Amino acid sequence: MDKIWMITLIGTLVGVVGTGMGGFFAFLMKKPTHTFLSFVLGLSSGLMLSIVCFDLIPESIDLGNIWMSIIGILAGVGIIILFEGLIKGEKENIVKTGILVGIGVAVHNFPEGLAIGSAFVATQKLGIGLAIVIAIHNMPEGISMAAPMRVGGIHRVKAFLYTLFVGIPMGIGAFVGAYLGEISQSFIGFCLSFAGGTMLYITCDELIPKSKSLKGKNRSSVGFIIGFVLGVILTKKL
């Protein structure tokens, strides 16, 4: 049982530190400019789309089947639409973007935590390697969450703390993955596609349109391409 709690602690730290490091960049800025935010949102859009297309969905199909993955995607989209309706009254639309990104990151941190827990049960080396890769994945997501909040007027300390909180579900996922050990591969596959659906909707409905509506449209496109290429590197080389 001590090993399970240690794996849970590692998973929590990976989630909190990963998004927290991204949030720390926004913490250092007094107030990000719209031009910078346009680039960051474009970067995040490309990164998220790349991870969904080349990592989450293919892995989901491999662990389960294509129909289960499609159901997971639709369920993920549905939950984000529900959350979007609940926060429609948000005064600052740019803040809403940061909140939705945070929800998406929190949701997709759970299956990544499952993966970390399961990997540590298999071998410690595999668990450590996967934890490092996931922490790197989460850094740009922390930036894409905190930067809109800063532009929307949320205090830097609050924005930073929010990026720490969304990492907690990864610790919960790591606990479940380690405790069950031989957890159902189909269940993990569904969780991955569910996370992919949330990220896909947020990217298409919030990040890309918002990045294009701000000043510096070319920066948005450049950011998108850089983020997409970065996502390919993260998913295929690390």
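The bend at a residue is the angle between two axes, one fitted to the seven residues ending there and the other to the seven starting there. With that in hand, look at helix α2, where a kink of about 40° is centred on Val-52. This is a predicted model, in which local features need pLDDT of at least 70, side-chain atom pairs count only at pLDDT 80 or more, and totals for chains, interfaces and linings use all residues. Residues are numbered from 1 along each chain as its sequence is written, and side-chain values use heavy atoms, leaving out hydrogens and water.

Helix α2 covers residues 34-63 and spans 41 Å from its first C-alpha to its last, close to the 44 Å expected at 1.5 Å a residue. That expected span is 1.5 Å times one less than the number of residues; helices are DSSP runs (H or I, at least four residues) numbered from the N terminus.

Now to the rings. Phe, Tyr and Trp (its six-membered ring) pair if their centres lie within 6.5 Å; planes under 30 degrees apart are stacked, over 60 edge-to-face, and the rest tilted. The whole structure holds 5 such pairs, including these:

| Pair | Type | Centre to centre | Plane angle |
|---|---|---|---|
| Phe-54 and Phe-228 | edge-to-face | 5.7 Å | 75° |
| Phe-224 and Phe-228 | stacked | 6.3 Å | 20° |

Phe-54 in α2 and Phe-228 in α9 (residues 217-237) are 174 residues apart, so their pair links distant parts of the chain. Phe-224 and Phe-228 lie about one helical turn from each other, because they are 4 residues apart in α9. Ring pairs join Phe-54, Phe-224 and Phe-228 into a cluster.

Note on methods: Helices (H or I, at least four residues) and strands (E, at least two) are DSSP runs, numbered from the N terminus.
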